[in-house]
Amino acid sequence: MKFIGIIPARYASTRFPGKPLSEICGKTVIRRVYEQASKALDTVVVATDDERIYNAVESFGGKVVMTRADHRCGTDRCLEAYNGITTPSWREQNDTDTVIINIQGDEPFIQPEQIEALMACFDSPETQIATLVRPYTAQDTLADLENPNTPKVAWSQATGEALLFSRSVIPYLRGVDKSEWLQRGSFYRHIGLYAYRADVLAKITKLDPSPIEKAESLEQMRWLENGYKIRIGITDTPTIGIDTPEDLEKAIEWYKYNG
């Protein structure tokens with residue numbers, strides 16, 4: 001099995017333009033993501049639509065490819081990058097044994113063991129797509145659980161596969177006061193790290209947006225609604241995603257004490 005890490009990175013962002021090139025203690029966010037991913041993967045490529053990001057990755061010796069600017073999402077950008085670094089004849093022979101790992105370009109402290117947990121999901125030849133979840137713990141608050149910016153996941157422990165992704169709290173604990181939900185229930189937050197067999201990636205990028213995806217603004221629901229299976233990997237390692245300048249400041253402070 002061959003694993004290829006692809007990091008989609010756009011310069012444009014409504015909440016934080018230029019985010020990949022912002023710095024955390026002397027290194028850009030995109031460089032930190034790249035270096036962390038390279039600890040677990042032999043092949044890592046940044047896929048960007050911006051020359052500034054392209055040049056920055058080249059300057060630290062990373063692999064990078066230019067992609068179109070009109071992609072709907074990072075999944076589509078991953079497919080273009082994969083096609084750009086391989087040949088049609090190679091893909092014809094290797095697609096079913098190649099896994100593309102979509103690594104978020106705003107996760108500068110992604111840990112190798114998280115990527116390895118995702119890779120382990122492909123020990124089964126039936127795995128089509130995989131993603132990570134992290135259980136909520138006693139350190140979390142009800143506000144954390146109800147935060148719509150953090151998607152939740154309901155999954156089957158019998159099959160190890162996702163049942164539903166939602167910005168709402170799932171499952172809903174009927175008859176239990178909300179103040180007790182975290183003590184009485186099992187809840188999992190979605191970590192936006194995906195892996196797909198290459199032949200499956202080529203198929204899911206051709207799917208039209210689905211009803212629940214549109215309602216929730218969660219593209220992974222498109223795959224579930226079209227019959228694809230998403231295997232769940234579990235991590236206990238917290239992640240620090242950067243969506244806003246305030247998140248960057250928090251990441252800098254975290255790194256000063258933990259880096």
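Patches are made of residues with over 30% relative accessible area and no salt bridge, and nonpolar side chains are joined within 5 Å. In this predicted model, Leu 163, Leu 164 and Ile 212 make a nonpolar surface patch of about 240 Å². Ile 212 belongs to helix α9, residues 211-216. Its relative accessibility is 34%, so Ile 212 counts as partly exposed.

Strand β10 covers residues 188-197. Of its 10 residues, 9 are buried, so the rest of the structure largely encloses this strand.

Which strands pair with β10? One is strand β6, residues 98-102, which runs antiparallel to β10 over 4 bridges. Here Val 99 has Arg 197 of β10 as its bridge partner. Another is strand β7, residues 129-135, also antiparallel to β10, over 7 bridges.

Strand β8 spans residues 152-156 and strand β9 spans residues 161-166. The two pair in the antiparallel sense over 5 bridges. Ser 156 sits opposite Glu 161 of β9.

The hairpin has 4 residues between its strands. Gly 160 takes a positive phi there, near 75 degrees.

## Salt bridges

How many salt bridges does a search of the whole structure find? The count is 12. One of them joins the side chains of Asp 49 and Arg 77, at 3.8 Å from N to O. This pair links distant parts of the chain, 28 residues apart. Asp 49 is in the loop between β4 (43-48) and α2 (51-59), while Arg 77 is in helix α3. Asp 49 is partly exposed, at 22% relative accessible area. Arg 77 is buried, at 2%.

Asp 140 forms a salt bridge with Arg 189, and the closest N and O atoms are 2.6 Å apart. Asp 140 lies in the loop between β7 and α6 (142-146) and Arg 189 lies in strand β10, so the pair ties together parts 49 residues apart in sequence. Are these two residues buried or exposed? Both Asp 140 and Arg 189 are buried.

Arg 52 and Asp 50 also meet through their side chains, at 2.8 Å from N to O. Arg 52 is partly exposed, with 45% relative accessibility, whereas Asp 50 is buried at 11%. Elsewhere, a network of salt bridges links Lys 27, Arg 31 and Glu 35.

Asp 76 lies in helix α3, residues 74-85. Its relative accessible area is 11%, so Asp 76 is buried. Leaving out residues up to four places away in sequence, Asp 76 touches His 71 and Thr 205.

Arg 222 lies in helix α10, residues 220-225. At 4% relative accessibility, Arg 222 is buried too. What does Arg 222 contact, beyond its neighbours within four places in sequence? The partners are Arg 72, Ile 204, Leu 207, Asp 208, Pro 209, Ser 210 and Glu 213.

The structure holds 0 disulfides.

Cys 78 is buried, at 0% relative accessibility. Cys 25 is partly exposed, with a relative accessible area of 40%.

Note on methods. Residues numbered from 1 in each chain as written. Predicted model: local features only at pLDDT ≥ 70, side-chain atom pairs only at ≥ 80, totals over all residues. Heavy atoms only, no water. Disulfide = S-S within 2.5 Å. Buried < 20%, exposed > 50% of the residue type's maximum accessible area, 1.4 Å probe, protein only. Patch = residues over 30% accessible without salt bridge, like charges linked within 9 Å, V, L, I, M, F, W, Y side chains within 5 Å. Areas by Shrake-Rupley, 256 points an atom, 1.4 Å probe, with all protein chains shown as cover. Salt bridge = Lys/Arg side-chain N within 4 Å of Asp/Glu carboxyl O. Contact = heavy atoms within 4.5 Å. Pairing = 2+ DSSP bridges.
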